[in-house]
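Today I am looking up a few contacts and strands, and jotting down what turns up.

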Amino acid sequence: MERRVAREFRHKVNLLIDNEAEKDYLYDVLQMYHQSMNLPVLVGDLKLVINEPSRLPLFDAIRPLIPLKHQVEYDQLTPKRSRKLKEVRLDRLHPEGLGISVRGGVEFNCGLFISQLVKGGQADNVGLQVGDEIVRINGYSISSCTHEEVINLIRTKKIVSLKVRYIGMIPVKSSADEPLKWQYVDQFVSDSGEGKGSVAGLASSGGRETKEKKVFISLIGTKGMGCSISSGPTQRPGIFISNVKPGSLSAEVGLEVGDQIVEVNGVDFSNVDHKEAVRVLKSSHTLTISVVAGAGKELFMTEEEKQREARLREQERQELMHQKRLALETNKIIKEQQEKERLRKLEISQKAAEEEERYRREIEQITAEEEKFKKEWEEDWGPKEPPKSLKTVTAEVHPAPRSKHKIDLKGVAHDQLETDDMDEVIMKQDKQGFQKYLEDFDPYSMFTPEQIMGKDVRLLRIKKEGSLDLAVEGGTDSPIGKIVVSAIYEGGAADKHGGIVKGDEILAVNGKILIDSRLAEAQATLAKAWNMGGDWIDLVIAASPPKEYDDEMTFF
């Protein structure tokens, strides 16, 4: 059983890897693994050799060589290709775009692959992944399409149908002149969507290409082909060209020593003996010969050539080992960075939890004091004059006015402001003599970097005078996807402050984060914050203007 598994594994290696140094390296790292039993190191070493999609089946061939106790972990660490196609549909006119970046095309000698996903975007929500290969678009195969042709095909319909399969690797090639390389999804480094980064430990294939070619020879009026043939040894059966005379017909058509003859005039040479091969080659004056270039070159090397080949092979092996060491150092650095990031996020979450608890205790204390005051007031003054209901104050958070709405091409509602009104608002803001935003506010103490990426975050402290007079719209369940200011009413506290304008996103109120809130929840939070005790209300806003989304495509 073990011999059969080992034999099948070696056959798979010989089939998928031509470079002898890479084969030796693969066998070395497997031996090292069986000594150390360090599975993560083994998988990292394997990725140096299994460095293109065509070699991914080697992971399955290696699995039977892994002890049973490690096979589950091995499956988790190694990429799994999907043989089945998955079809998804995306709305090209969605306000946030398709939510993907792609790279590749026939001009780069590879398919089209998803290289980036917008978190929470359309593509992410339907289950697309970085490392998916796009096979069909709107029913059309794109195997022979350039990058630009694919983009144009996507733009032809409102609803884009994509058929994909998961590969788990990304092509890396910035121009047609550079050699094509591949990176695993967990190693892929993208620079502003262009994916030009690199990771130490990615080895180029370094192997010679085995090419089959066909030549045509006419022997009419000649003295012969000008070459000799030999049968291969038992471990390498076949008919090989063992000698080529300079200036002969064979030399002119490109035949070389070491080429394996696989077919002559339709006759299969894979199982013929030397005598039968000579008979077929002499049976006709016109020959159509198919050969595999260089397949048996090592069979006819001199001792000096073999030594030189061995030296080159050892150099390549040493280079792979050097790349392995670089990869281990890089993985160590990456793990340290990941641990630092984990601790930083943990600290942020702990601070947020402490702030939330402090806010809750303050609310409870304020509520208790209000109840105590209300009870004392009712005992002393209830029969004479009842207190004003708090419900009369909540009207200061208004719903978005409907009469002034218009719908733009992206389907997002906006308020129309006359030019004179806008000039008046600007003049009012210029006349303010106080500080609109608190300068010492650190947004990272309240939010994660992903939540405020690309946003101009500010903290406002608005004095409670009269009504807030601020209308909001949106919410996580709306097309806008966030809480934004839809109107500022003249004379209200927000208008007098001047630091918040229509279109600003409200991120938090008195420490309560609203990023994942619905509209009703946000309105209730604003009303409660305004009605409770205290002279000020704190608003954290993102002052960046609304963004219009188009198809997000990466050209390279």
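This is a predicted model: local features need pLDDT of at least 70, side-chain atom pairs count only at pLDDT 80 or more; totals for chains, interfaces and linings use all residues.

I started with lysine 23: its relative accessible area is 9%, and because the cut-off for buried is under 20%, I noted lysine 23 as buried.

Next I looked up the partner of lysine 23. Glutamate 20 forms a salt bridge with lysine 23, with the closest N and O atoms 3.3 Å apart. The two sit 3 residues apart in helix α2 (residues 20-36), so about one helical turn separates them. Glutamate 20 itself is partly exposed, at 33% relative accessibility.

Then I turned to glutamate 22. Its side chain meets that of arginine 55 in a salt bridge of 3.2 Å, N to O. I liked this pair: it links distant parts of the chain, 33 residues apart, with glutamate 22 in helix α2 and arginine 55 in the loop between α3 (39-49) and α4 (57-62). Both glutamate 22 and arginine 55 are buried.

Another pair I checked was aspartate 538 with arginine 461, a salt bridge at 2.8 Å between the closest N and O atoms. Here strand β23 (residues 536-542) is linked with strand β18 (residues 457-463), the two residues being 77 apart in the chain. Arginine 461 is partly exposed at 37%. I also found Glu357, Arg360, Arg361 and Glu364 joined into one network by salt bridges that share partners. The tally for the structure is 20 salt bridges.

Last, the strands. β2 (residues 100-105) has 6 of its 6 residues buried, so the rest of the structure largely encloses it. β2 pairs antiparallel with β3 (residues 110-117) over 6 bridges, and serine 101 stands opposite glutamine 116.

Methods
Residues are numbered from 1 along each chain as its sequence is written. Side-chain values use heavy atoms; hydrogens and water are left out. Buried means under 20% relative accessible area, exposed over 50%, partly exposed in between (1.4 Å probe, protein chains only). Helices (H or I, at least four residues) and strands (E, at least two) are DSSP runs, numbered from the N terminus. Two strands pair if DSSP finds at least two bridges between them. A salt bridge is a side-chain nitrogen of Lys or Arg within 4 Å of a carboxyl oxygen of Asp or Glu.
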